Amino acid sequence: MRIVALAGGIGGARFLRGLKDVVAPGDEITVIGNTGDDIHLFGLKVCPDLDTVMYTLGGGIHEEQGWGRAEESFAVKAELAAYGVGPSWFGLGDKDFATHIVRTQMLGAGYPLSAVTEALCDRWQPGVRLLPMSDDRVETHVKITDAEGTRAVHFQEYWVRLHAAVPAEAIIPVGADTAKPAPGVLEAIAAADVILFPPSNPVVSIGTILAVPGIRAAVAAAAAPVVGLSPIIGGAPVRGMADKVLAAVGVEASAAAVALHYGAELIDGWLVDQADAASVAEVTAAGITCRAVPLLMSDPAATAAMARAALELAEQVRA
């Protein structure tokens with residue numbers, strides 16, 4: 001079976017680890033990773049979501065944080081601060097710096113991001129084929145109004161430095177409209193037996209991937225069933241501040257509203273948590289097959305059960 005998953009960072013990576021636990025030997029998983037969170041810091045190209053997937057599936061992630069390297073140190077960050085070099089709000093660890101140095105060197109030598117990602121994965125052996133959504137530069141920016149006036153800031157600044165404390169007025173995937181899907185992305189979608197939307201942020205993770213011309217159309221036209229898992233449980237995001245960016249695009253922070261945001265033209269099946277079982281009828285009425293199952297990734301067994309439920313729903317939709 002050929003499985004394609006569109007994924008952001010922490011939530012997507014943890015779901016993919018559960019998915020790996022339940023697929024049969026010989027099944028192939030291709031992950032199309034969000035690069036809208038990418039940022040240039042200290043002269044280096046940083047790809048937070050790609051690295052989180054790579055580290056998580058490769059066994060190098062800081063488990064408690066869900067991002068960054070395990071057993072990390074921050075000597076370089078401290079030295080940069082001593083020189084007065086910022087930004088201080090984005091913490092890169094010493095081991096993590098090495099990944100970004102290698103990536104930046106390879107990009108500077110003319111290799112596309114997809115080839116660089118493949119080379120980095122040669123070390124980590126994540127057990128999936130990890131593809132960036134595009135080799136072209138795409139950055140998600142957020143329009144806000146604060147004491148400095150109305151302005152657009154990089155998503156990382158909004159999320160990490162400002163902690164989404166001010167309302168997001170608009171989400172702008174800068175460069176997405178002229179970007180091209182990375183090599184292998186459209187081919188993987190067309191050849192898939194199942195397409196999954198993990199419980200990643202529907203606006204700035206999966207939404208940004210779908211904003212690259214050709215990807216949304218490919219998913220909508222795919223013969224494979226498309227199944228998503230709600231990142232919202234009981235009216236609140238499981239992790240992070242997805243409700244802030246959902247409000248910016250006029251979508252209520254509810255399991256049903258996110259399903260309707262994707263729409264029946266894009267997804268065939270939708271899993272909601274048991275806490276949102278009352279929304280099953282609303283989603284079903286919109287033409288999307290919906291089931292209520294436990295969706296908290298509280299431990300590896302629970303995460304594996306979520307992945308299994310997604311694959312079972314895909315089979316039901318296919319039938």
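Which element gives the most to the lining of the largest pocket, and with how many residues?

Mentor: The element in question is α2, which gives five residues to the lining of the largest pocket, the most of any element. Please bear in mind throughout that this is a predicted model.

The pocket itself comes first. The volume of this largest pocket is about 1,100 Å³, and 46 residues line it. Nearest to its centre lie G9, I10, W67, W159 and R239. Helix α2 spans residues 48-58, and it is listed with α1, α4 (94-108) and α6 (155-161) as the elements that each supply two or more residues to the lining. Sorted by class, the lining has 22 nonpolar residues, together with 15 polar and nine charged ones.

In the loop between α6 and β8 (170-174) one finds H163. H163 is not a glycine, yet its phi is positive, at about 55°.

Helix α1 covers residues 10-22 and helix α13 residues 300-318; their axes come within 7 Å and cross at roughly 75°. The two helices are therefore roughly perpendicular to each other. On the α1 side, the contact is made by R14, F15, G18, L19, D21 and V22. On the α13 side, the residues involved are T303, A304, M306, A307, R308, A310 and L311. The class composition of this contact is eight nonpolar, two polar and three charged residues.

The secondary structure comprises 13 helices and 14 strands. With a radius of gyration of 19 Å, close to the 20 Å that the globule rule gives for 319 residues, the chain is as compact as a globular protein of that length. The C-alpha trace extends over about 60 × 50 × 40 Å along its principal axes.

Key
Residues numbered from 1 in each chain as written. Predicted model: local features only at pLDDT ≥ 70, side-chain atom pairs only at ≥ 80, totals over all residues. Heavy atoms only, no water. Axes fitted to C-alpha atoms, helices over the stretch in contact; angles between N-to-C directions. Helix = DSSP H or I, 4+ residues; strand = E, 2+ residues; numbered from the N terminus. Parallel < 35°, antiparallel > 145°, perpendicular 65-115°, else oblique. Contact = heavy atoms within 4.5 Å. Nonpolar A, V, L, I, M, F, W, Y, C, P; charged D, E, K, R; others polar. 1 Å grid on protein atoms, 1.4 Å probe; cavity = no way out; pocket = protein on both sides within 12 Å on 5 of 7 lines; lining within 4 Å. Points joined across faces, edges and corners; volume = space filled by probe spheres on them. Rg over C-alpha atoms; globule rule 2.2 N^0.38 Å.
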